[in-house]
Amino acid sequence: MQIPLQPLLMLPRSVKRRVLVLVDATLVVASLMLACALHWESLAPLVDPGLWQTSIVVALVSLVLFHWLGLYRVVIRYMSHTTVATVGMAVLLSSLVAKAASQWLGVVLALPVVLIYGLLLLLGLGGVRFLLRELYLLSQRLKRRPVVIYGAGAAGCELVAALRHGSEYEPVAFVDDWRGLDGALVEGLRVYQPVRLAALVEEYRAAMVLLAIPSAPRCRRREILQRLSALSVPVKTIPGSADVIAGRARISELRDVALEDLLGREPVPPFPDLLAANIEGKTVMVTGAGGSIGSELCRQIIAQRPVAVLLVDSCEYALYAIEHELSQHPAVGDEGIRVRPFLVSIQQPDALRAIFTAFPVDTVYHAAAYKHVPLVECNLIEGLRNNVFGTLTLARAALKAGVESFVLISTDKAVRPTNVMGASKRLTELICQAFAQQQSRTCFSMVRFGNVLGSSGSVVPLFRQQIERGGPVAVTHPDITRYFMTIPEAAQLVIQAGAMATGGEVFVLDMGEPVRIRDLAVNMIRLSGLEVRDEAHPDGDIEIVYTGLRPGEKLFEELLIGGVVKETRHHRIMTSHEMFWEWPRLEAYLQELQQALAAIDYPRLRQLLLVAPLDYCPEGGSTPRWEEVMRAVS
């Protein structure tokens with residue numbers, strides 16, 4: 001059916017209208033003649049010249065009425081139930097015209113003839129249009145790829161309607177957990193139980209499974225995705241209900257499965273008073289404002305109505321991007337929240353003092369740091385200088401300016417570090433702990449958490465790129481695990497933890513269950529519709545290769561060093577007071593460390609990192625080959 005329709009579909013719209021007008025005229029004449037033949041049960045009326053004359057007059061007048069009613073403005077492929085009312089009105093008016101024309105021309109048309117004529121014309125006009133529409137949809141359906149929709153609720157019905165008006169996918173069946181829908185027809189599609197999913201994919205050769213359950217909790221989505229990953233069929237989802245309601249997305253916008261759905265971690269509503277405590281009506285500084293965590297902190301801060309937000313970053317483009325984004329916020333403007341970008345490194349004391357002098361900063365969120373383990377391992381001089389002494393410079397400037405609250409964004413890699421990045425972050429914690437113990441004017445606190453989804457250098461976008469390229473997917477070790485959290489949740493918890501600080505606490509965020517990176521890679525491959533290639537499946541699509549742990553990389557991450565762990569009013573935030581050096585001792589140590597940095601004395605730097613209360617233990621106890629790295633660079 002696709003081939004005969006193709007020439008008609010390619011015709012200009014004006015030509016299609018003329019063809020439809022000719023068809024309608026023929027239908028009017030044929031319906032009137034057939035109505036007379038049926039009423040008199042004879043073909044004699046078909047040779048009556050007066051009846052033919054009447055039919056032609058009725059056809060001409062009816063066509064004018066059809067045009068006036070807008071019948072020829074309707075695009076047949078997009079016809080809906082509202083077209084039925086227009087066709088009904090056209091038939092009614094045409095029937096009245098037939099009765100009036102017969103009296104005017106002296107032809108006897110009994111009322112039953114007019115009624116039969118109306119019914120025949122209704123079937124003709126409506127039937128031709130809906131037949132053409134079905135033929136068009138059928139021709140398009142043959143080109144589309146079949147998909148199964150998981151979720152037969154309101155979102156699933158909207159998705160079916162959207163897909164049928166598109167040209168890419170053809171919904172063939174619903175799958176839904178609710179047994180009350182089993183075997184029912186929804187939008188013309190049968191609803192099946194999830195146990196039939198594998199058979200449906202094979203029967204219809206489904207190209208994809210679409211998740212249409214935007215309001216389902218993540219734990220249920222995780223169960224469903226685990227079930228789907230065994231099928232090795234591509235899976236996409238529709239936007240969440242919050243995005244659809246807010247107008248940020250349409251139900252027809254298909255997206256890749258979000259990793260947070262695979263984790264099954266339910267977000268916890270924040271405490272509004274904690275979010276606002278250190279922000280509302282205050283001037284807030286965010287260092288590393290262009291980074292993954294820093295930029296999300298800025299977004300969360302803007303929502304709490306501060307007086308001003310000071311963005312500090314040494315990367316020009318990152319700073320431009322977040323400043324431009326925040327400037328579009330309706331609360332930002334000449335009379336609203338002030339947003340000020342500063343292209344400044346935290347290692348510049350004069351620039352920091354100038355900012356603190358110009359603005360009465362109340363709260364500092366310190367997220368600026370070099371965080372990529374292998375890079376800092378190979379560039380430990382700059383890593384220590386930025387992370388440790390940049391934090392020291394910033395903390396001193398904040399103390400001198402009388403900042404009320406200083407929140408350090410730390411990492412789980414600071415716990416018993418095996419790499420320089422983790423050791424440097426533990427040193428920044430020691431600085432904040434010492435300053436908190438030394439004075440009471442500025443409240444210093446630290447928030448420690450693991451990996452965040454979608455951050456720069458995150459494994460998730462890297463895996464996606466490798467899958468799109470056809471593999472292989474590189475995993476460092478088959479048993480390596482990591483904690484994961486979404487960036488918005490991490491930023492909210494950081495703000496709430498800082499609001500509960502009294503000084504010197506190390507806050508630890510509940511990261512949920514650790515995720516085995518190999519399992520993550522397998523799920524991402526299978527949910528892309530591919531199969532892992534290994535010994536059991538030599539004909540698979542993508543291989544997972546193990547590259548070995550990188551310098552300083554751990555198999556397992558920890559969140560606590562020791563000490564007494566206490567709960568807070570937020571059940572996903574814990575607190576602990578951990579061992580530290582008082583400021584005089586730490587100050588002397590930092591002076592030695594700075595001298596070793598200035599002298600580029602690697603053995604001395606290693607010795608200093610080992611003697612500090614960091615529990616630093618380089619991988620395998622061997623000396624990192626920093627000297628070789630520096631010789632290669634130079």
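Select strand β2 (residues 169-175): seven of its seven residues are buried, where buried means under 20% relative accessible area, exposed over 50% and partly exposed in between, with a 1.4 Å probe and protein chains only. This is a predicted model, in which local features need pLDDT of at least 70, side-chain atom pairs count only at pLDDT 80 or more, and totals for chains, interfaces and linings use all residues. Residues are numbered from 1 along each chain as its sequence is written, and side-chain values use heavy atoms, with hydrogens and water left out. Helices (H or I, at least four residues) and strands (E, at least two) are DSSP runs, numbered from the N terminus.

Tyr150 is the residue opposite Val175 in β2.

Next, display the open sheet of nine strands, ordered β10-β9-β8-β11-β12-β13-β18-β23-β22 with mixed pairing. The edge strands are β10 (338-343) and β22 (565-567); each has a single partner strand, so one side of each lacks a neighbour in the sheet. On average, neighbouring strands here are turned by 20 degrees against each other, direction ignored. Axes are lines fitted to C-alpha atoms, for helices over the stretch in contact, and angles run from 0 to 180 degrees between N-to-C directions.

Within this sheet, pick β12 (residues 405-409) and β13 (residues 443-448), which run parallel and are joined by five bridges. Ile409 has Val447 in β13 as its bridge partner. Then show α17, which packs on the sheet and touches β12, β13 and β18 (506-509), its direction making about 150 degrees with that of β13. Contact means heavy atoms within 4.5 Å.

Move along to β18 and strand β23 (residues 573-576), an antiparallel pair with four bridges; Leu509 is partnered with Ile573 in β23. β22 and β23 are also antiparallel, over three bridges, and form a hairpin with five residues between them. Val565 stands opposite Ser576.

Go back to strand β8 (residues 283-287) and select Thr287. Is Thr287 buried or exposed? Thr287 counts as buried because its relative accessibility is 0%. Its side chain makes a polar contact of 2.7 Å with that of His366, and also reaches the backbone nitrogen of Ala367 at 3.0 Å. A polar contact is a pair of N or O atoms within 3.5 Å; within protein, one must be able to donate a hydrogen and the other to accept it, and residues adjacent in sequence count only if both atoms are side-chain atoms. Beyond neighbours within four places in sequence, the contacts of Thr287 include Val312, Ile346, Tyr365 and Leu394.

Now select helix α21 (residues 583-599). Its buried residues are Trp583, Leu586, Tyr589, Leu590, Leu593, Ala596 and Leu597. Seen down the axis of α21, they fall within an arc of 140 degrees, so they line one face of the helix; the arc is that of the directions from the helix axis to the C-beta atoms. These buried residues pack against α16 (380-401), α17 (420-438) and α22 (602-611). On the other side of α21, Pro584, Gln595, Ala598 and Ala599 are exposed. Just past the helix, Ile600 has a positive phi of about 50 degrees.

Finish at helix α18 (residues 459-468), where Val459, Val460, Phe463, Gln466 and Ile467 are buried. They cover an arc of only 125 degrees around the axis, which puts them on the same side of α18. Gly470 follows α18 with a positive phi, near 90 degrees.

Key. Two strands pair if DSSP finds at least two bridges between them.
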